[in-house]
Amino acid sequence: MSNPFNDLQQIMLQDDEQAIAKEAVKLVESGVSPDVIFHDFVIPYLQDVGDKFGRMEIFLPELIHTADKVKALQETLLPYLEADKTREAAATVVIGTVDGDLHDLGKNIVAAMLEVGGFEVHDVGVNVPTKQFIAAAKEKNANIIALSCLLTTSFAYVEDVVRMVKDDADSAERFKIIVGGGPVTKEWALGIGADAYGDNASDAVTECKNLIAM
Ligand code: B12
């Protein structure tokens with residue numbers, strides 16, 4: 001069988017966000033689920049681009065340009081993952097990318113999948129100061145704080161959120177913390193005291209369900 005993403009691959013080489021959106025809709029309407037498009041196309045595609053950036057085969061402007069195109073693709077696909085809002089939410093999650101880090105493509109997929117999985121999700125955005133995570137979790141009466149981190153230089157801020165929650169008896173009692181993002185490993189996340197780690201968006205849903213069952 002031919003690769004369903006051949007056309008999309010070609011279109012991503014051009015500078016036409018409308019054509020990208022059109023092809024994404026075509027794929028979904030032909031029966032390819034957005035989840036599969038993220039998993040089998042978007043993630044390997046960005047992995048390849050990231051590797052090229054790491055080897056200095058491409059430079060920052062190209063990386064930014066690619067991210068913009070992926071964002072257009074993502075914005076087209078996320079509404080297809082719309083959750084069934086008639087069900088009562090399983091629990092409330094505050095999600096964001098930690099201080100110093102502007103990467104949000106992965107976080108957005110995780111947030112959308114958590115909604116689909118039955119959670120009420122409050123996305124506090126990117127470059128989120130430590131105290132803001134805790135303030136938002138209190139305000140929304142959250143059960144889970146989900147931290148995304150793509151930069152090793154921001155690891156210290158993940159640790160800060162975990163420490164601030166665990167050092168305060170009230171917060172420690174109320175909020176579980178789950179961590180994920182490219183360079184984060186399970187060993188590291190659990191080692192700094194997070195309650196869970198998720199490798200990808202479906203893992204995030206499973207792990208959050210486990211957390212509220214605890
Ligand atoms: C796209 C991209 C960008 C875009 C981001 C656009 C955006 N809106 O997000 C732009 C161009 C802006 C960018 C900028 C930079 N980037 Co950048 N970027 C990437 C790239 C290519 C892809 C990241 C991505 O979106 N992956 C796809 C998503 C779907 O994967 P993901 O985020 O990992 O998320 C999945 C899982 O990890 C998990 N997950 C994610 N979050 C969470 C949260 C929870 C709670 C859970 C459970 C799971 C989970 O689920 C997701 C879905 O499966 C990576 C390379 C790579 N291979 O990762 C480099 C990379 C992350 N960037 C890197 C760097 C260095 C930078 C810059 C510093 C470059 C510069 N010199 O300015 C800046 C930093 C800006 C800042 N302050 O944040 C490095 C980081 C190195 C490091 N070890 O720290 C990388 C690894 C590239 C490289 N090989 O050098 N970048």
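Biologist: How many residues does helix 10 have, and what distance does helix 10 reach from its first C-alpha to its last?

Modeller: Helices are DSSP runs of H or I with at least four residues, strands are runs of E with at least two, and both are numbered from the N terminus. Helix 10 (residues 201–213) has 13 residues and reaches 19 Å from its first C-alpha to its last, close to the 18 Å expected at 1.5 Å a residue. The expected span is 1.5 Å times one less than the number of residues. This is a predicted model, in which local features need pLDDT of at least 70 and side-chain atom pairs count only at pLDDT 80 or more, while totals for chains, interfaces and linings use all residues. Residues are numbered from 1 along each chain as its sequence is written, and side-chain values use heavy atoms, with hydrogens and water left out.

Biologist: Which residues of helix 10 are buried, and why do they lie on the same side?

Modeller: An α-helix has 3.6 residues a turn, so residues three or four places apart point the same way. Buried means under 20% relative accessible area, exposed means over 50%, and partly exposed lies in between (1.4 Å probe, protein chains only). In helix 10 the buried residues are Ala201, Ala204, Val205, Cys208 and Leu211. They cover an arc of only 125° around the axis, which puts them on the same side of helix 10. The arc is that of the directions from the helix axis to the C-beta atoms.

Biologist: Against which elements do the buried residues of helix 10 pack, and which residue caps its N-terminal end?

Modeller: Contact means heavy atoms within 4.5 Å. The partners are helix 5 (105–116), strand 3 (144–148), strand 4 (176–180) and strand 5 (196–197). A polar contact is a pair of N or O atoms within 3.5 Å; within protein, one must be able to donate a hydrogen and the other to accept it, and residues adjacent in sequence count only if both atoms are side-chain atoms. The cap of helix 10 is asparagine 200, with a side-chain oxygen 3.2 Å from the backbone nitrogen of serine 202.

Biologist: Which residues of helix 2 are buried, and which exposed residues does its opposite face carry?

Modeller: In helix 2, the buried residues are Ile20, Glu23, Ala24, Leu27 and Val28. They cover an arc of only 140° around the axis, which puts them on the same side of helix 2. The face turned away from that buried side carries the exposed residues Gln18, Lys22 and Glu29. Among the elements covering the buried residues of helix 2 are helix 1 (6–12), helix 3 (34–54) and helix 4. Aspartate 16 caps the N-terminal end of helix 2, as a side-chain oxygen lies 3.2 Å from the backbone nitrogen of glutamine 18.

Biologist: Which protein atom is the donor to the cobalt atom of the ligand?

Modeller: Donors are N, O and S atoms within 2.8 Å of the metal (3.2 Å for Na, K and Ca); water is not among the atoms, so sites may look incomplete. The cobalt atom has a single donor from the protein, His103 (NE2), 2.3 Å away. Histidine 103 lies in the loop between strand 1 (92–97) and helix 5.

Biologist: Where is glycine 100 found, and is glycine 100 buried or partly exposed?

Modeller: Glycine 100 is found in the loop between strand 1 and helix 5. With a relative accessible area of 42%, glycine 100 is partly exposed. A polar backbone atom of glycine 100 is 3.0 Å from a nitrogen atom of the ligand.
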